[in-house]
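Take a walk through the model below.

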Amino acid sequence: MVRVLRQTIGLSPAEFLMQYRMEEAAQWLLNTETSVEDIALNVGFQNIYYFSTSFKKYTGVSPTKYRQSAKRE
């Protein structure tokens, strides 16, 4: 199954899940006023610190800055 997924979409199951979670979190940040902590929990993270560092690694900015930059545009 792992091999088929990697051949099909080019990602391992863990990479796919992380990408999905980050995209969902980004949508929550842009479209709601939900707290970063609640967003982290809603997309499957138990630890807000891990969520924040993962989000920054994925997008290049912290969740708070991501939300703030979207409001300025």
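Phe-55 has 0% relative accessibility, so it counts as buried (under 20% relative accessible area, with exposed over 50% and partly exposed in between; 1.4 Å probe, protein chains only). Phe-55 and Tyr-66 form an aromatic pair, 5.2 Å centre to centre with 85° between the planes, which is edge-to-face. Rings of Phe, Tyr and Trp (its six-membered ring) pair if their centres lie within 6.5 Å; planes under 30 degrees apart are stacked, over 60 edge-to-face, and the rest tilted. Phe-55 sits in helix H4 and Tyr-66 in helix H5 (residues 63–72), so the pair ties together parts 11 residues apart in sequence. Helices are DSSP runs (H or I, at least four residues), numbered from the N terminus. Tyr-66 is partly exposed, because its relative accessibility is 21%.

The model is predicted: local features need pLDDT of at least 70, side-chain atom pairs count only at pLDDT 80 or more, and totals for chains, interfaces and linings use all residues. Residues are numbered from 1 along each chain as its sequence is written, and side-chain values use heavy atoms, leaving out hydrogens and water.

Phe-51 is buried too, at 0% relative accessibility. Phe-51 and Phe-55 are four residues apart in helix H4 (residues 48–59), so about one helical turn separates them. One aromatic cluster takes in Phe-45, Tyr-50, Phe-51, Phe-55 and Tyr-66.

Now turn to Thr-34. This residue lies in the loop between helix H2 (13–31) and helix H3 (36–42). Its side chain makes a polar contact of 3.2 Å with that of Thr-32 (N or O atoms within 3.5 Å, one able to donate a hydrogen and the other to accept it; residues adjacent in sequence count only if both atoms are side-chain atoms).

Last, Leu-17 lies in helix H2. Leu-17 counts as partly exposed, because its relative accessibility is 39%.

How values were computed:
Helices (H or I, at least four residues) and strands (E, at least two) are DSSP runs, numbered from the N terminus.
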